[in-house]
Amino acid sequence: MSLVLICLLIAVIMPILTKAPLAFAQNKQQGGYDNRHPRAQQNALVGFGARAKAAHENSFEALIMFTPGALSVIALNQVGPIAQSLCIAFILARVAYLLSYWFDFHLVRSICWGLGFFCSIGLIVVALY
């Protein structure tokens with residue numbers, strides 16, 4: 001169970017960590033980071049900054065998909081090798097997804113998103129059986 005919880009913790013922290021590249025991009029804009037209107041500034045980003053914003057936002061979306069599966073296998077006492085492997089695969093897919101997004105490897109990014117999605121669904125399936 002601890003491995004699933006560790007993966008869940010990493011998934012929870014990921015959206016916060018992905019704010020760093022976004023803040024970096026905002027800081028590089030003329031005038032620096034606009035702490036009074038950060039979302040308006042983020043909407044004006046292009047290139048790397050726009051990708052960093054999208055990756056940051058998608059980290060929250062992925063967390064919403066992963067959490068029910070991870071909690072389901074814990075609550076239903078279905079934490080076994082398959083569930084643990086799915087959790088690890090989810091985290092690895094998400095890290096690869098982020099790197100792919102930041103460095104503009106769009107096809108790899110889509111594949112990584114799909115892998116993470118299927119890991120999330122797989123956890124719920126494991127919890128059912």
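The model is predicted: local features need pLDDT of at least 70, side-chain atom pairs count only at pLDDT 80 or more, and totals for chains, interfaces and linings use all residues. Residues are numbered from 1 along each chain as its sequence is written, and side-chain values use heavy atoms, without hydrogens or water.

**Helix 1**

- Helix 1 covers residues 2-17. Helices are DSSP runs of H or I with at least four residues, numbered from the N terminus.
- Its 16 residues should span 22 Å at 1.5 Å a residue, and its end C-alpha atoms are 22 Å apart, which agrees. The expected span is 1.5 Å times one less than the number of residues.
- V4, C7, L8, A11, M14 and P15 are the buried residues of helix 1. Buried means under 20% relative accessible area, exposed over 50%, and partly exposed in between (1.4 Å probe, protein chains only).
- Seen down the axis of helix 1, the buried residues fall within an arc of 110 degrees, so they line one face. The arc is taken from the directions from the helix axis to the C-beta atoms.
- On the other side of helix 1, S2, I16 and L17 are exposed.
- The cover over the buried residues of helix 1 includes helix 2 (19-28), helix 4 (48-75) and helix 5 (81-102).

**H56**

- H56 is in helix 4. H56 counts as buried, at 13% relative accessibility.
- A polar atom of the H56 side chain lies 2.9 Å from the backbone oxygen of P15.
- Leaving aside neighbours within four places in sequence, H56 is in contact with P15, T18, K19 and L22. Contact means heavy atoms within 4.5 Å.

**Aromatic pairs**

- The whole structure holds four aromatic pairs. Rings of Phe, Tyr and Trp (its six-membered ring) pair if their centres lie within 6.5 Å; planes under 30 degrees apart count as stacked, over 60 as edge-to-face, the rest as tilted.
- F66 and F90 are stacked, because their ring centres are 4.1 Å apart and their planes lie at 5 degrees.
- This pair links distant parts of the chain: F66 in helix 4 and F90 in helix 5, 24 residues apart.
- F66 is buried at 0%, and F90 is buried at 2%.
- F117 and F118 pair edge-to-face, 5.4 Å centre to centre with 70 degrees between the planes.
- F117 is partly exposed at 26%; F118 is exposed at 59%.
- W113, F117 and F118 form one aromatic cluster.

**Charges over rings**

- The charged end of R94 sits over the ring of Y97, 4.3 Å from its centre.
- The charged end of R109 sits over the ring of Y101, 4.1 Å from its centre.
- A charge sits over a ring if NZ of Lys or CZ of Arg is within 6 Å of the ring centre and within 35 degrees of the ring normal.

Definitions and conventions
Helix = DSSP H or I, 4+ residues; strand = E, 2+ residues; numbered from the N terminus. Polar contact = N/O pair within 3.5 Å; in protein donor to acceptor, adjacent residues only side chain to side chain.
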